[in-house]
Amino acid sequence: MRVLNYLEFASQLERSGIGTSTDQQRAALSTTDVDVITSPWPESVSAGVSELLGGDCVFRDYDVAHCNLIGPGSVAVARHAKRNDIPLVLHSHVTREDFAESFRGSNAIAPALGKYLKWFYSQADVVLCPSNYTKRILESYPVDAPIRPISNGVDAEALEGFEEFRDEYREAYDLDGMTVFLVGNVFERKGLTTFCNVAKATDYDFAWFGPYDTGPHASKKVKYWVENAPENVTFTGWIDDIRGAYGAGDVYLFPTKNENQGIAVLEAMACGKAVVLRDIPVFEEFYTHGYDCLKCETDEEFARALELLENDPDLRQRLGENARKTAAEHSLDRVGDRLVETYEDALAGELDA
């Protein structure tokens, strides 16, 4: 079986959740019998021209098309697949809900995006999504296609050796004591204001490892907090090795407002870190308060949770150990099995949700 696993704008999405998920799909499939290609266009044809033309003559041969984004290249692939009776798998990394509060103007665009996503995803023979929560969101649009939840998974092997980076990264960013941290692009949706307010209410060092935009596309809140960060908050920007973040940090604080799953949470858990999450619906199906994480709703609750973890090292260790067990349930082997099952069902025309 030859499968196109396609991510347009891949270079721009290298350190994004979408980019990480796509990389993990390919890593998961590398241990299976599936032959994966990552571009629909022959090397001799310009991708830009291909996206504009969308003609069958410019496409490579594949048995199943699996697209990870929603742009013009993916639309061209979808049209080609439908014209040629090639099973089409669309991965819903983008929803109207998690698009909001990402960059300047995103809230205004989100309603129109929802209409576009309803049309785009409804073309699929099957839509994949990271969680049952996301499935319910897509059904509310409604998307007229079978929808299957498949975890994004976590590449624990790629994180091996994170401990060796601890001293280097803590020294580089002047971190001391129990360090509270977060990994990912700096967006208000991910709880930026809460992260900073909790930092102001405590004495711990806080570090947000990930790129941020202060240019014209940045939201006002991102620009404000990056330029007026509390004294105990460090925004690192791009870092060379993501393992450095998990080596340097001690407690993963993720007060996000909306997620389809949250790959970085699984990465922190795979590294045995104690995790503190906002109590939102998507996390109900994956994580259990008091077993592998602590869940909070208000700034005051987040601050009390951090104080509890500082004063109770045994609790911190126990949460981290259980978090490792949870992360193991999202191994890439399991992701690969689910993807292969989906592709086989697509080819056989057996695509119930």
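Start with the charged pairs: this predicted model holds eleven salt bridges. Side chains of opposite charge can pair when their charged atoms come close. To see one of these bridges, select D125 and K82, where the closest N and O atoms are 3.8 Å apart. D125 sits in the loop between α5 (106-121) and β5 (126-129), while K82 belongs to helix α3 (residues 72-83), so this pair ties together parts that are 43 residues apart in sequence.

Select D167, E168, E171 and D240, and you have a negative surface patch. If you want a landmark for E168, show helix α7, which covers residues 166-172.

How many cavities of 30 Å³ or more does the structure hold? There is one, and the largest cavity has about 40 Å³ of space in it. Which residues line the largest cavity? Select S21, Q25, H91, I150, S151, N152, V335 and L339 to see the lining. Then colour two helices, α1 (17-29) and α15 (332-348): each of them supplies at least two residues of that lining.

Most residues other than glycine have a negative phi, and most peptide bonds are trans. Keep that in mind as you select F9, which is not a glycine and yet has a positive phi of about 55 degrees. You'll find F9 in the loop between β1 (2-6) and α1.

Then move on to Y141 and P142. What kind of peptide bond joins Y141 and P142? It's a cis bond, with omega at about -5 degrees. P142 itself lies in a loop too, between α6 (132-140) and β6 (147-149).

How values were computed
Residues are numbered from 1 along each chain as its sequence is written. This is a predicted model: local features need pLDDT of at least 70, side-chain atom pairs count only at pLDDT 80 or more; totals for chains, interfaces and linings use all residues. Side-chain values use heavy atoms; hydrogens and water are left out. Patches are made of residues with over 30% relative accessible area and no salt bridge: like charges are joined within 9 Å, nonpolar side chains (Val, Leu, Ile, Met, Phe, Trp, Tyr) within 5 Å. Accessible areas come from the Shrake-Rupley method with a 1.4 Å probe; for residues, only the protein chains shown count as cover. A salt bridge is a side-chain nitrogen of Lys or Arg within 4 Å of a carboxyl oxygen of Asp or Glu. Lys and Arg count as positive and Asp and Glu as negative; His and the chain ends are not counted. The place of a charge is taken as NZ of Lys, CZ of Arg, CG of Asp or CD of Glu. Helices (H or I, at least four residues) and strands (E, at least two) are DSSP runs, numbered from the N terminus. On a 1 Å grid over the protein atoms alone, a cavity is a set of points where a 1.4 Å probe fits but cannot get out, and a pocket is an open set with protein on both sides within 12 Å along at least five of seven lines; lining residues have an atom within 4 Å of a point. Grid points are joined across faces, edges and corners, and a volume is the space filled by probe spheres set on the points.
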